[in-house]
Amino acid sequence: MSAPRLTTIGFDADDTLWQNEQFFRMTEKRFAALLAEHGDHEHIAARLLEAERRNLALYGFGIKGFTLSMIETAVAITNGEVPGSVIGEILAAGREMLSHPIEALPHARETVEKLAGSYHLVLITKGDLFDQERKLAQSGMGDLFDAVEIVSDKSAATYARIFSRHGDGPHKSMMVGNSLKSDVVPAIEAGGWGIHVPHELTWAVEHAEAPVAAPRFREITDLGELPALVEVIAKAG
């Protein structure tokens, strides 16, 4: 009998297992309000996004880099005259984001529990090490994963390495996440399955076209549909 095709399932964390982007959007609105006399929300948000894109290679993904980008944007928009009180408000907003309780998304825990034991589960997430560890601990799902990988970026090489280290290689693995760019497309490029679970809020930097022609691409409405899909794929061998 040939070995089963699917043995390992990778899960993204932010906006797949728990809410994340909504807190960035809320803080962005707060930031724009602080600088309202220097432009409308759309203008300030666009300048902030420019700074975030520019700084990704320096700061990586996460709240700390976002906070530094807000400070940089505030300095630029005010021509270096941003009040210290505004800098203080930005830092306070960043601290609040870093201490905000997690909010699990629908069916997250029950789905991970159903699949644990039957498959090798790996949490694969980008972001700040301390913050991602905090959120995983608060989620109460940490013990359900066989491995946790907190990475600086997600590429086909990243998935090939992780699924070879913690599983039977990418061809017998699946990645589940809300980001087509980070979770789905590179996992398929590595030779695995890519399962898209759309979230109503997706950061502009994470935009990508759905690889609808790829045989190993699937999209589900929410995580509640994942166990049945996994069963179909596993039976197909």
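Ground rules first. Residues are numbered from 1 along each chain as its sequence is written, and side-chain values use heavy atoms, with hydrogens and water left out. Because the model is predicted, local features need pLDDT of at least 70, side-chain atom pairs count only at pLDDT 80 or more, and totals for chains, interfaces and linings use all residues.

Pockets, then. A pocket here is an open set of points on a 1 Å grid over the protein atoms alone, where a 1.4 Å probe fits, with protein on both sides within 12 Å along at least five of seven lines. Lining residues have an atom within 4 Å of a point. Volume is the space filled by probe spheres set on the points, which are joined across faces, edges and corners.

The largest pocket holds about 610 Å³. It has 38 lining residues, and N20, E21, F24, F61 and W203 lie nearest its centre. Among the elements giving two or more residues to this lining are helix 1 (21-34), helix 3 (63-77) and strand 2 (120-126). Helix 2 gives the largest share, six residues. Helices are DSSP runs of H or I, at least four residues; strands are E, at least two; both are numbered from the N terminus.

What is the lining of the largest pocket like by class? There are 11 nonpolar, 13 polar and 14 charged residues. Charged means Asp, Glu, Lys and Arg; nonpolar means Ala, Val, Leu, Ile, Met, Phe, Trp, Tyr, Cys and Pro; the others, Gly among them, are polar.

The second largest pocket holds about 170 Å³. Its lining includes D15, L105, H199 and D222.

Now the cores. A nonpolar core joins buried Ala, Val, Leu, Ile, Met, Phe, Trp, Tyr and Cys residues through side-chain atoms within 4.5 Å. Buried is under 20% relative accessible area, with a 1.4 Å probe and protein chains only. The largest core has 28 residues; I9, F11, L17, M174, V176 and L226 have the most contacts inside it. Helix 9 (226-236) supplies the largest share, four residues. A second, separate core of 17 residues includes F23, F24, I44 and V86.

Last, F11 and F145. Both are buried. They form an edge-to-face aromatic pair, 6.0 Å centre to centre, 80° between the planes. The cut-offs: ring centres within 6.5 Å, planes over 60 degrees apart for edge-to-face. F11 is in strand 1 and F145 in the loop between helix 6 and strand 3 (147-151), so the pair ties together parts 134 residues apart in sequence.

Conventions: Buried means under 20% relative accessible area, exposed over 50%, partly exposed in between (1.4 Å probe, protein chains only). Rings of Phe, Tyr and Trp (its six-membered ring) pair if their centres lie within 6.5 Å; planes under 30 degrees apart count as stacked, over 60 as edge-to-face and the rest as tilted.
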